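User: I am new to this structure and would like to learn how its features are read. Please guide me through it.

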Amino acid sequence: MTPAPGWRHDGTEWRADAPDAGTMRALGAQLGAVLRAGDLVVLDGPLGAGKTTLTQGIGEALRIRGPVTSPTFVIARSHPGPGPDLVHVDAYRLGSALEVDDLDLGADLEGAVTVVEWGAGKVEGLAQDRLEVAIERAAGPVDPDDPSGGQRTVMVRGVGPRWAGLVLPAP
Ligand SMILES: Nc1ncnc2c1ncn2[C@@H]1O[C@H](COP(=O)(O)OP(=O)(O)O)[C@@H](O)[C@H]1O
Ligand SMILES: [Mg+2]
């Protein structure tokens with residue numbers, strides 16, 4: 001059975017285990033529950049780590065309409081919801097912070113929750129407060145019958161006064 005999702009604080013950051021994609025979505029929903037308009041979430045982790053899956057959970061918590069899919073071919077997609085919109089950005093092909101500036105995402109930030117995949121090192125200038133999320137796949141052999149499967153660890157670190165005292169739910 002899948003254990004209940006949840007977080008533990010290790011002194012510097014919040015950590016959670018995601019043994020499967022459903023748990024990753026549930027962790028995303030727990031993050032989504034603490035997010036509000038103006039927040040910036042920067043997602044780091046290799047291709048297939050589960051960044052989009054986590055964002056789907058954030059979208060569930062924000063009750064946005066329509067599916068959250070990889071925005072790879074559009075760079076940014078805005079999903080309206082009853083509360084703040086979810087602006088989902090894929091910064092993979094953006095080479096530098098300058099290009100991010102060119103996107104003019106700053107105009108959206110105040111009324112939306114902005115989640116940026118591949119944003120580490122590129123979008124920090126958009127806001128002084130941000131939630132940095134890193135996803136790691138467990139080392140070890142890949143199951144040939146389920147190559148995208150396997151345990152992930154999610155690490156969350158809040159930067160700036162907005163995130164002082166962040167508490168995420170325990171398992
Ligand atoms: N433990 C897990 N956590 C997250 N995704 C998982 C897990 N196990 C399998 N998957 C699958 O791995 C893939 C992750 O893809 P995706 O979320 O698009 O990654 P990324 O956006 O980081 O490239 C999905 O097909 C998802 O169903
Ligand atoms: Mg993705």
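**The ligand shell and the sheet**

Analyst: The shell around ligand 1 comprises 6 nonpolar, 10 polar and 4 charged residues; Ala, Val, Leu, Ile, Met, Phe, Trp, Tyr, Cys and Pro count as nonpolar, Asp, Glu, Lys and Arg as charged, and the others, Gly among them, as polar. This is a predicted model, in which local features need pLDDT of at least 70 and side-chain atom pairs count only at pLDDT 80 or more, while totals for chains, interfaces and linings use all residues. Residues are numbered from 1 along each chain as its sequence is written, and chains are lettered from A and ligands numbered from 1 in the order in which they are written.

User: Which residues are the closest to ligand 1?

Analyst: A residue is near a molecule if its C-beta atom, placed from the backbone, lies within 6 Å of it. Here 20 residues surround ligand 1, the closest being Ala21, Gly50, Lys51, Thr52 and Thr53. The largest share of the shell, 3 residues, comes from H2; helices (H or I, at least four residues) and strands (E, at least two) are DSSP runs, numbered from the N terminus.

User: In what order do the strands form the sheet?

Analyst: Strands of a sheet pair through backbone hydrogen bonds, either parallel or antiparallel. Two strands count as paired if DSSP finds at least two bridges between them. In this model, 8 strands form an open sheet of mixed pairing, ordered S1-S2-S8-S7-S3-S6-S5-S4. S1 (8-9) and S4 (76-79) are at the edges with a single partner strand each, so one side of each lacks a neighbour in the sheet.

User: Which strand pairs with S3 in the parallel sense?

Analyst: S3 (residues 40-44) pairs in that sense with S7 (residues 130-137) over 4 bridges. Within S7, valine 133 is the bridge partner of leucine 43.
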